[in-house]
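Have a look at the model, then read on.

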Amino acid sequence: MEGKMEGKKVTVHDLMVKKKAGKKITMLTAYDFAMASFIDQVGMDMILVGDSVGMVVLGYDSTVPVTMEEMIHHCKAVRRGVRQAFLVGDMPFMSYNVSREEAIRNAGRFLKEAGCDAVKLEGGLEVVETVKVIVQAGIPVMAHIGLTPQTVGKLGGFRVQGKDLVSAQNLLDSALALEEAGTCSIVMECIPDKLAGLISRSLKIPTIGIGAGPECDGQVLVTNDLLGLFEKFTPKFVKQYIKLFPMIKEALEAYKCEVESGSFPDQGHSFIMEEKDLNRLKIRKKG
Ligand code: KIV
């Protein structure tokens, strides 16, 4: 049971208890039923249907084009594979930025249509009022500060955030204001480890780091990165626990080769019928 919560659905309360007890919270992304089932079965505390789906599954160059319909579609598939983990759906770019009403309506869809337990949205002080109204509507919200991929253009590219005093103070202020607004947890992406530690210790709610060092209350990675399934680029903070891409490529090449040579399918992968019945078949052509 150490580090896992087996047998019952993980709740916001469980995550707070883990933080208080100094136990690390585990989180990974999933985009489909099969991977969600695997991740849930190993007892991961949280699963995020990240808008990273746009890059690692749908082939977009960034997360910006991802739509609400795409997110709901993938969240529904993941929901069917998850029994215990706390399931978070990522609100895509422009689904919470236009108006508060639209933000509440879209956040609600993740719970009503896709069965998520919470939504995640990116931003610091500028999204505090939006977070407040979504939380007031009864929807748990996870915030995401630091490197926020949806607004990477504004940040000047994929780079570490909060390295100087002014931007570090802004991140600390944002985290405190987001907690005050009612967020249940905060993802901190690509910020210095000691800053992440200070923010984590300053909050009652759990922080989940990605590229934010070991002092966060929990960690998240994009599963496709961890499994070596995404080849385009690998950020410094990603640890590849296996390199599946070359293994998959090898298997696919072997299949192609065997089909072309006729060695697949062999007897072991075929079905048989009695020779005498086969011989009695008549080739009946119409006309
Ligand atoms: O979309 C995503 O996968 C994320 C994680 C990187 C936290 O936001």
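How confident is the predictor in the protein chain? The mean pLDDT is 95, and 98% of the residues reach 70 or more. Residues 1-5 are another story: pLDDT stays under 50 there, and the model has twelve contacts for them beyond four places in sequence. Where pLDDT is low, the predicted coordinates should not be read in detail.

**The barrel**

Which strands make up the closed barrel? There are eight, running β1-β2-β3-β4-β5-β6-β7-β8, and the pairing is parallel. On average, neighbouring strands of this sheet are turned by 25° against each other, ignoring direction.

Now for β8. Strand β1 (residues 25-29) pairs with strand β8 (residues 218-221) over four bridges in the parallel sense, and here Ile-25 has Gly-218 as its bridge partner. Strand β7 (residues 207-210) also runs parallel to β8, joined by two bridges; in this case Gly-209 stands opposite Gln-219.

**Helices that pack**

Two packed helices are described by the angle between their axes and the distance between the axes. Here are two such pairs, with α5 taking part in both:

| Helix pair | Angle | Axis distance |
|---|---|---|
| α5 (residues 100-112) and α6 (residues 128-136) | about 50° | 9 Å |
| α4 (residues 68-81) and α5 | about 20° | 10 Å |

Angles under 35 degrees count as roughly parallel, so α4 and α5 are roughly parallel to each other. They pass in a right-handed crossing. Who touches whom? From α4 come Met-68, Glu-69, Met-71, Ile-72 and Cys-75, and from α5 come Asn-106, Arg-109 and Phe-110. Sorted by type, the residues of this contact are five nonpolar, one polar and two charged.

The angle between α5 and α6 makes this pair oblique. α5 passes α6 in a right-handed crossing. On the α5 side, the contact uses Arg-100, Ala-103, Ile-104 and Ala-107, which meet Glu-129, Thr-130, Val-133 and Ile-134 of α6. The residues of the α5 and α6 contact divide into five nonpolar, one polar and two charged.

Key. Residues numbered from 1 in each chain as written. Predicted model: local features only at pLDDT ≥ 70, side-chain atom pairs only at ≥ 80, totals over all residues. Heavy atoms only, no water. Pairing = 2+ DSSP bridges. Axes fitted to C-alpha atoms, helices over the stretch in contact; angles between N-to-C directions. Parallel < 35°, antiparallel > 145°, perpendicular 65-115°, else oblique. Left-handed = near helix turned anticlockwise from the far one by under 90°. Contact = heavy atoms within 4.5 Å. Nonpolar A, V, L, I, M, F, W, Y, C, P; charged D, E, K, R; others polar. pLDDT = per-residue confidence, 0-100.
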